[in-house]
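These are reading notes for a colleague who is new to looking at structures. Keep the model open beside them and find each residue as it comes up.

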Amino acid sequence: MVHIFSEYGGKCSCGRSHDMVTRAAVIEAGCLFEFEKYMDMFGIAGKRCTLYGNNSYKATADRHPKAEQEIVLNSEGLHANEVSTAEVLAKLEEDVEIIVAVGSGTIHDIARFCAHERGIRFVSCITGASVDGFCSTVAAMTWYGFKKTLPAVAPEIVIADIDIIKNAPVELVRSGVGDIAAKYTALCDWKISQAVTGEFFCQRIHDLMLKATNTVMESVPGIVAGKDEAYYNITYALILSGVAMQMMGNSRPASGCEHHISHLIEMGPEKLDVRFPAMHGEKTGVASVYGIREYKRLAEAEDITPYLTDYAPFPADDLGAFLGERLSPAIFAENEKDCLSAVRREDIAKAWPRIRELIGELPESEYLDGLLVELGAKHTLEEIGVCDGDIPTLLRYSPMVRNRLTLMRMKRMINY
């Protein structure tokens, strides 16, 4: 099926005009065989370089898109970072006009960043339903150990071959479901910030993301049963999440407290024992369960006023000791102008009835946990390499990885 995204661009009832780079997505079995047809249909011409990991290269061996240059990266230990991007930029021929990513999340982040660096066009071929960044205009990169969002190029079109996606390692779709489950807390954090500070909010973007999220959660039994329709639903939802980020111009609709927990784990602070890596979506799925659990606990307070304190900067010595010398400079720079400093205790008190209402709209943590279990996905901190006893540490320090207002960040002003 071909989805045209032009309707999401232009003037919106929210008062803004949304930019839309991605013109269409093709999601169906065998569509990678017809790659040339869709390139012609949308008038995308020029010298191409296809970028693969060796796993996606093998998985698509009978349907490789035609290209003048191919770059195949070693998938083992591959990360979207300064090392992999430097390797691609060094190999990329000077007159290449289009980068075609054939892979899952990491290959796409590398390709989108390199397309931005070279100022060239980008086309996406998804081989695993693992993350929600396929259509984003930013790339989540680990840059010299620090997890940060860097400018990137969104794809003009997306080709998602369900035959390939369905037969990819099951860990990929489990990660994708976890990344979509994270939208519950992300959207909640966005609405809470709007209630407290008047932050810009677009109902259309919110509703687009929430509908996609609910559809994926309802599709979990079908994913377990290996049904094409369920794999179509998760793939479309992951693409739509990127479309929502394009409309917004940043990751606000898709990333909140749960992503900050995941990013903190990925960074590996000096005082946090992370015993083994997990996929990004696996971490955000687990973090959503713990995030919802904490938000529901806070909402038990009918009157938050007695528990509120004035804003105070996060103690630098405490934060620095936790992070270590490697991460401290970047985190301190990120929080130089702490977004929480604009919040007064009266703002939180006034918005508290609305905040409790928004938290009440969140699914129960047991519901999400049950879906992850049904899917066979990781669902505890221990399973993503972090001790269960570290949850207070994660909740305390994780908001500092991104200078974005969330209820978890506001907890510094709430002693409850």
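**Notes on selected residues and helix contacts**

1. Tyr-144 is exposed, with a relative accessible area of 59%. Anything over 50% counts as exposed. Please keep in mind throughout that this is a predicted model. Tyr-144 sits in the loop that joins S9 to strand S10 (146–151). Its phi is near 50°, a positive value in a residue that is not glycine. Most residues other than glycine have a negative phi.

2. Tyr-144 also belongs to a cluster, in which ring pairs link it with Phe-113 and Trp-143. Across the whole structure, a search finds nine aromatic pairs. One of them is Phe-113 with Trp-143: the ring centres are 5.2 Å apart and the planes stand at 55°, so this pair is tilted.

3. Trp-143 has a relative accessible area of 22%, which makes it partly exposed. The cut-off for buried is under 20%.

4. Ile-126 is in strand S8 (residues 121–126). Its relative accessible area is 2%, so Ile-126 is buried. Leaving out neighbours within four places in sequence, Ile-126 is in contact with Gly-103, His-108, Phe-134, Val-158, Ile-159, Ala-160, Asp-161, Ile-165 and Ile-239. For one of these, His-108, the separation is 18 residues in sequence and 8.5 Å in space, taken from C-alpha to C-alpha.

5. Ser-175 belongs to helix H6 (residues 170–181). With a relative accessible area of 0%, Ser-175 is buried. Which residues does Ser-175 contact, leaving aside its neighbours within four places in sequence? They are Ser-130, Met-279, His-280, Gly-281 and Glu-282. One of these, His-280, returns in the contact between H11 and H12.

6. Next, a helix pair. Helix H7 (residues 183–197) and helix H8 (residues 203–218) have axes that come within 10 Å and cross at roughly 155°. Angles over 145 degrees count as roughly antiparallel, and H7 and H8 are therefore roughly antiparallel to each other. Their crossing is left-handed.

7. The residues that meet in this pair are Lys-183, Tyr-184, Leu-187, Trp-190 and Lys-191 from H7, and Ile-205, His-206, Met-209, Leu-210, Thr-213, Asn-214 and Met-217 from H8. By class, the contact of H7 with H8 has seven nonpolar, three polar and two charged residues.

8. His-206 deserves a separate look. This residue is in helix H8, and at 5% relative accessibility it counts as buried. Apart from residues up to four places away in sequence, His-206 touches Leu-187, Trp-190, Lys-191 and Phe-201.

9. Helix H11 (residues 257–267) packs with helix H12 (residues 280–298) at an angle of about 130°, and their axes are 8 Å apart. H11 and H12 are therefore oblique to each other. H11 passes H12 in a right-handed crossing.

10. On the H11 side, the contact is made by Cys-257, Glu-258, His-259, Ile-261, Ser-262, His-263, Ile-265 and Glu-266; on the H12 side, by His-280, Lys-283, Thr-284, Ala-287, Ser-288, Gly-291 and Tyr-295. These residues divide into five nonpolar, seven polar and three charged.

11. Lys-271 lies in the loop between H11 and H12. Is this residue buried or exposed? Lys-271 is exposed, with a relative accessible area of 53%. Setting aside neighbours within four places in sequence, Lys-271 is in contact with Ala-321 and Phe-322. Lys-271 and Gly-324 are 53 residues apart in sequence, while their C-alpha atoms are 7.5 Å apart in space.

Conventions:
Residues are numbered from 1 along each chain as its sequence is written. This is a predicted model: local features need pLDDT of at least 70, side-chain atom pairs count only at pLDDT 80 or more; totals for chains, interfaces and linings use all residues. Side-chain values use heavy atoms; hydrogens and water are left out. Axes are lines fitted to C-alpha atoms, for helices over the stretch in contact, and angles run from 0 to 180 degrees between N-to-C directions. Helices (H or I, at least four residues) and strands (E, at least two) are DSSP runs, numbered from the N terminus. Angles under 35 degrees count as roughly parallel, over 145 as roughly antiparallel, 65 to 115 as roughly perpendicular and the rest as oblique. A crossing is left-handed if the near helix is turned anticlockwise from the far one by less than a right angle, and right-handed if clockwise. Contact means heavy atoms within 4.5 Å. Ala, Val, Leu, Ile, Met, Phe, Trp, Tyr, Cys and Pro count as nonpolar, Asp, Glu, Lys and Arg as charged, and the others, Gly among them, as polar. Rings of Phe, Tyr and Trp (its six-membered ring) pair if their centres lie within 6.5 Å; planes under 30 degrees apart count as stacked, over 60 as edge-to-face and the rest as tilted. Buried means under 20% relative accessible area, exposed over 50%, partly exposed in between (1.4 Å probe, protein chains only).
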